[in-house]
Structure formats: C-alpha cells, structure tokens
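Okay, everyone, thanks for coming. I've got one structure for you today, so let me put it up on the screen.

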Amino acid sequence: MDKTTSGWFNGFLGVLIFSGSLPATRVAVMDFSPVFLTVTRAALAGLLGLALLLAFREKRPSRDDLISLTIVALGVVVGFPLLTALALEHVTSAHSIVFIGLLPLATAIFGVLRGGERPRLAFWVFSCLGSVLVAGFAFSRGLSASPVGDALMLAAIVVCGLGYAEGGKLSRRLGGWQVICWALVISLPLMLVLTFVTFPPSLAGVGMPAWISLAYVSLFSMLIGFVFWYRGLAQGGIAAVGQLQLLQPFFGLALAAFLLHEQVSPAMVVVTLGVVLCVAGAKRFAR
C-alpha cells in the first residue's frame, strides 16, 4: 500500500470512529453537564495518552512544537467537544451532524494557511459545493431548530478545522498518535482540576447509556480516532484526506436514527448524499 492510499485508508477509519461522537455526546449531555463531559473526556483520554507516551518512552516535543500542540488542544481537545456539547442541548444529533459537512472546507482552508498546501481551483469548487449544500439545508429550515445551537455548531467547525490542520501538519514530524497524546497531556492538569470542580453532586440519576457514551467519546472520539485521522492527514495531505469528512454525516445520521431513534428527514438524506458525491470530485483535484 503506497503512502497516499494508506493516508486515505487511515483517514477513513478516523472518520468512521468520529461518526459516533455526536450521537454519543447527545446521549451523554442528557445526564451530564456539557462542561463536565468536555473536561472529563479530555482528562480520561489524557491519562491514557500519558501512559502511552511513557510506555513507548517518546521524546518530548521541542519548544517550537508546543505552540502547535496548544492550538491542537484548544481546537480538538477543548473547543470542538465543548461547543458541540453545548449545541446538543439545543438541537438533535441528526441536525448537528449535517454541519459536519462544513468541516472539509474549514480543514482545507486551514491546510492552506497553516500547512502550506495549494489545492487546484477545481478542488475548491467541489469543496465549496458540498459546504453550500450544508449551509443551504440549515437556512432552508429558517434556523428554526435553534439559532443558538446552529451558531455553536458553526463555531465548533471553525476551531475543529484549525485543530485538524495544525495536527496534520505536526504529525509529519511527530507522528499521528504522538500529536494527539501530547495535546491531551498539555491539557491534562487543567482538565483534571476542572473535572473535580464540575463533578456532579450526585451520580444517582446517571444512566448506563450516559456512562457508555462518556467512555466512547473519551476513548474513541478523543484518542483512538485521532491516531488514524492525523496519520491519514500527514500521509495523504490535509486538504485531500480532509474531504473524507463529507462521509461523516452519512454515518452519523445512520447512527442517530438507529441508536437514538431520531427522525432523519428526507432533506437531511438528500443533503448528506449531495456532499458525499462531492468528495469524489474534490479528491480528484486535491493536488
């Protein structure tokens, strides 16, 4: 398997794992506060990341790398999980998942700004088309679901795109799993303190689905998914492999309907299929 093919394969595995993040978050915020969920998932993943770094005796990143790792931490360890958890108090996971179709464009833009990539003009046409489909869906509903929820989701997409691009660039030097582990470790002291500060006064009302969801977003969404995702971005290119995120709404909507019994409207399906079709065109002209 050549480097490019390996990059797309790893990226696909990352997207597949991330697809369960929003449905799991939706279940978790029914019993946990968004802030507690955000800091606890980061703390648990950070402890696992620290254990991995110590077990493999990884060399500490340079001082120059610390700035990039901080950006990664702010984007994907804190920013995206917190903003989406807050958004999911106002909208369903099925509604929020469609916004993930904007992530490829955000990642590609930051891939140019931070990663020095230069995709061809046709790439931007396909990438923008997929994003327009998603934005059109939101506005066609008049933002009636919740303007606050939609605004939080848009903010989450921006910070996540930056975190993805920065992590993909840094993974070329440090390695995919090392980047997310170091980002988690940098955040760990603060996340541990905030976990204790925001700990619920009682756990009596927390159901098993919420605990399972917390475990999923901590282990898979916060750590394992990034191992594959950052490796894929480093191997296949940030802008190119980033287009695989157009598949995430398709998987996410299926999970929302199957596991949460949420209504998936025909419009959601049409938009999702539309952005999925855009990935082929974007991939063809990514370089």
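Let's start at Leu203, which sits in the loop between helix 9 (176-197) and helix 10 (208-236). Keep in mind that this is a predicted model. So, is Leu203 buried, exposed or partly exposed? Partly exposed, because its relative accessibility is 32%, and that lands in the range between under 20% for buried and over 50% for exposed.

Now hop along to helix 12, residues 248-259. Helix 12 has 12 residues and reaches 16 Å from its first C-alpha to its last, close to the 16 Å you'd expect at 1.5 Å a residue. Which residues of helix 12 are buried? They're Gln248, Pro249, Gly252, Leu253 and Ala256. Those five cover an arc of only 125 degrees around the axis, so they end up on the same side of helix 12. Here's the general idea: an α-helix has 3.6 residues a turn, so residues three or four places apart point the same way. Over on the other side of helix 12, Phe258 and Leu259 are exposed. After helix 12 comes His261, with a positive phi, near 60 degrees.

Okay, zooming out. The protein chain has 13 helices and zero strands. Of its 287 residues, 56% count as buried. The C-alpha atoms fill a box of roughly 50 × 45 × 30 Å along the principal axes.

Conventions: Residues numbered from 1 in each chain as written. Predicted model: local features only at pLDDT ≥ 70, side-chain atom pairs only at ≥ 80, totals over all residues. Heavy atoms only, no water. Helix = DSSP H or I, 4+ residues; strand = E, 2+ residues; numbered from the N terminus. Expected span 1.5 Å × (residues − 1). Buried < 20%, exposed > 50% of the residue type's maximum accessible area, 1.4 Å probe, protein only. Arc of directions from axis to C-beta.
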